[in-house]
Amino acid sequence: MQFHDHGYVSADPRVRPAAGTGIDRPTELPDEVDVLIVGSGPAGMLLAAQLAQFPNVTTRLVERRPGRLEIGQADGIQARSVETFQAFGFAEAITAEAYRITSMNFWTPDPDNRENIIRTSRTMDDPEGISEFPHLIVNQARVLDYFAEAAKNAPTRTTPDYGLEFVTLKFGEGSHPVEVTLRHTVGEHEGSERRVRAKYVVGCDGARSAVRSSIGRTMTGNLAMHAWAVMDVLAVTDFPDIRTKCAIQSEHGSILLIPREGGYLFRMYVDLGEVAPEQSRAVRQTTIETAIARANEILHPYSLDVRSVAWYSVYEVGHRLTDKFDDVPHDCEGQVPRVFIAGDACHTHSAKAGQGMNVSMQDGFNLGWKLGAVLEGRSPESLLETYSAERQKIAQNLIDFDKEWSTLMAKKPEEFESAQALGEFYVRTAEFPAGFMTQYEPSMITGEATHQGLAKGFPIGKRFKSVEVVRVADTNPIHLGHHARADGRWRVYAFADTDGSALREWATWLAEAADSPVVRFTPEGADLDAVFDVKVVYQQDHTEVDTTTVPPVFYPRVGPFQLIDYEKVYAAHPETDIFDVRDIDRGGCVVVVRPDQYVAHVLPLSATSELSEFFARNMIDQPRAARA
């Protein structure tokens with residue numbers, strides 16, 4: 001963590017100085033805002049935390065509940081989400097309180113007595129080392145708390161406006177063309193309505209989204225007609241794997257067992273079987289006592305004595321998707337979107353793949369930096385068209401995967417080719433539920449793979465997979481990607497050629513040339529790295545890097561005192577050489593990474609015009625000024 005750049009800090013460095021709209025932020029919801037977020041679920045809270053990093057953007061989040069969520073339904077946190085938490089500064093804190101999944105066990109009927117279950121396989125949770133980040137279990141409410149804290153500590157001091165529900169919206173003219181009607185749900189004004197005008201509205205208001213309905217979007221899909229009871233319980237049991245994630249299949253149905261944080265609580269998804277359409281209402285009335293009895297049948301010869309129930313619900317597996325995630329009609333390509341939907345407002349599916357909260361957060365991450373860049377005048381409004389184009393396809397991939405996983409979980413043991421089949425599927429598809437299969441297609445913010453061979457380990461369109469390097473200034477081993485924060489900046493990683501000659505020429509161009517993106521797109525009077533976080537990785541050992549010859553663009557001067565940032569110069573780690581691990585050409589290259597951590601381009605050091613043209617597609621020229 002870096003601080004002191006604006007003066008000595010003796011208090012909590014996570015609380016950044018208020019700036020822009022955060023100075024004297026009004027307590028009451030103003031009549032006009034830049035972005036109005038409806039709903040404080042995972043997508044909405046991450047979106048608010050991201051936009052809170054843009055001091056000049058007025059963002060407000062309304063939530064119909066009177067206060068914070070106390071018990072969340074979601075609990076699975078995939079590695080990609082923890083990687084995202086790292087960008088918001090709380091990965092270590094939430095990991096400390098969470099349950100960490102390191103393995104998964106599979107149980108099936110005993111061939112000698114099929115009324116009993118036996119353990120048939122054990123699998124590592126991440127046998128291929130997909131990520132350095134863990135797979136966690138933690139209550140959704142705590143995830144929202146952490147994002148709320150990040151938003152409150154940010155320059156805009158963003159906090160939710162509780163007790164307000166969305167009623168409807170209509171489009172008008174002017175700088176704030178979306179008029180939203182809200183209704184007070186609590187307090188002295190309960191039942192009364194008020195109107196707010198916004199430049200953009202984002203509906204993160206769940207599967208029954210009123211925002212989605214207001215723009216004429218509908219969900220399509222169907223129910224799988226298979227019901228599950230889900231319960232968080234404190235219980236005494238002789239089942240030996242009660243603190244290990246398990247998929248349990250028996251003659252009486254299936255259970256997905258997930259230990260919860262805190263050491264005692266655990267969650268069970270209990271198979272209630274196929275449901276005919278006319279029985280849908282009845283199955284939702286299944287009592288907790290019935291679900292516990294069913295769980296005991298499935299666990300036989302083991303028993304479950306439930307002492308306390310923290311949460312209980314019954315649901316039917318459903319797979320539904322909205323065909324577009326904004327308000328622009330299909331036949332109006334090029335029209336500026338003004339209203340967006342994210343999270344469960346766009347896609348619904350079963351909970352057993354653990355993807356709902358995770359994919360919803362990535363919706364918010366994808367949209368947040370784009371709104372911030374447009375509203376701060378860095379990028380054209382056409383950037384916002386990429387949100388629906390990118391995320392709708394990802395949601396479809398999620399639903400396709402979840403259909404396969406939930407179908408397998410509902411199958412009878414005898415329908416599998418072997419007792420190990422479910423475990424083998426879990427291992428074979430590990431990259432998808434970990435959150436790392438997303439790959440964005442070429443667009444104005446994602447380049448073509450023309451030069452992919454220069455850095456094969458950083459596939460264009462996929463998230464930037466970090467590797468440990470050595471920070472030259474202090475010799476500390478650092479994961480290269482962990483230094484990136486959710487601050488809306490682009491990352492530009494320069495991998496040096498063997499003798500550094502090509503790097504020096506590239507660095508001079510980047511700092512001085514008229515067509516350099518740093519020169520063209522950094523606002524007048526801003527720090528050199530305000531828009532582009534440029535770093536260099538040398539091939540040689542850190543002891544052989546002559547810091548006096550490192551180009552100045554990698555030592556930017558920042559803040560009112562124009563202090564030197566020494567944390568942008570790295571060398572290959574002797575044990576995990578990033579050039580070998582990520583198959584980077586020794587002739588050097590440039591890897592461009594989007595603000596949401598996805599690789600946008602790979603280019604030779606000599607391809608300065610291509611780099612300039614790439615950013616010209618998605619950024620707006622800024623007034624020029626001399627910079628240190």
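Student: What makes helix 1 count as largely enclosed by the rest of the structure?

Tutor: In this predicted model, ten of the ten residues of helix 1 (residues 42–51) are buried, so the helix is largely enclosed by the rest of the structure. The buried residues are P42, A43, G44, M45, L46, L47, A48, A49, Q50 and L51, and each has a relative accessible area under 20%, because that is the limit for calling a residue buried.

Student: What covers the buried residues of helix 1?

Tutor: The cover includes strand 1 (32–38), strand 2 (59–63), helix 2 (79–88), helix 4 (140–153), strand 11 (193–203) and helix 8.

Student: Why is helix 1 called roughly parallel to helix 8?

Tutor: The axes of helix 1 and helix 8 (residues 356–375) come within 7 Å and cross at roughly 30 degrees. Angles under 35 degrees count as roughly parallel, and therefore helix 1 is roughly parallel to helix 8. The crossing in which helix 1 passes helix 8 is right-handed.

Student: Which residues make the contact, and how do they divide into nonpolar, polar and charged?

Tutor: Helix 1 contributes P42, A43, L46, L47, Q50 and L51, while helix 8 contributes a set that includes M357, F365, W369 and G372. The residues of this contact divide into eleven nonpolar, five polar and no charged, and G372 of helix 8 falls among the polar ones because Gly is counted as polar.

Student: How do you know whether T244 is buried or exposed?

Tutor: T244, which is found in the loop between strand 12 (219–237) and strand 13 (245–250), has a relative accessible area of 18%. Buried means under 20%, so T244 is buried. Leaving aside its neighbours within four places in sequence, T244 is in contact with Y99, S103, N105, L257 and P259.

Student: Why is T95 called partly exposed?

Tutor: T95 has its place in helix 3 (residues 91–97), and its relative accessibility is 25%. Because partly exposed covers the values between the buried limit of 20% and the exposed limit of 50%, T95 counts as partly exposed. Not counting residues up to four places away in sequence, T95 touches V82, P134 and L136.

Student: What makes strand 27 an edge strand of its sheet?

Tutor: Seven strands form an open sheet in the order 20-19-25-22-21-26-27, with mixed pairing. Strand 20 (477–479) and strand 27 (599–603) each pair on one side only, and these are the edge strands. The twist averages 30 degrees from one strand to the next.

Student: How do you know that strand 26 and strand 27 pair?

Tutor: Two strands pair if there are at least two bridges between them, and four bridges join strand 26 (residues 589–593) to strand 27, the two running antiparallel. In these strands V593 stands opposite V599, and V591 has V602 as its bridge partner. Strand 26 and strand 27 form a hairpin with five residues between them, and Q597 in the turn has a positive phi of about 80 degrees.

Student: Why is strand 27 described as mostly covered, and which helix lies across it?

Tutor: Five of the five residues of strand 27 are buried, and since buried means under 20% relative accessible area, the strand is described as mostly covered. Helix 14 (residues 608–616) lies across strand 21, strand 22, strand 26 and strand 27, running at about 160 degrees to strand 27.

Terms used. Residues numbered from 1 in each chain as written. Predicted model: local features only at pLDDT ≥ 70, side-chain atom pairs only at ≥ 80, totals over all residues. Heavy atoms only, no water. Axes fitted to C-alpha atoms, helices over the stretch in contact; angles between N-to-C directions. Contact = heavy atoms within 4.5 Å. Buried < 20%, exposed > 50% of the residue type's maximum accessible area, 1.4 Å probe, protein only. Parallel < 35°, antiparallel > 145°, perpendicular 65-115°, else oblique. Left-handed = near helix turned anticlockwise from the far one by under 90°.
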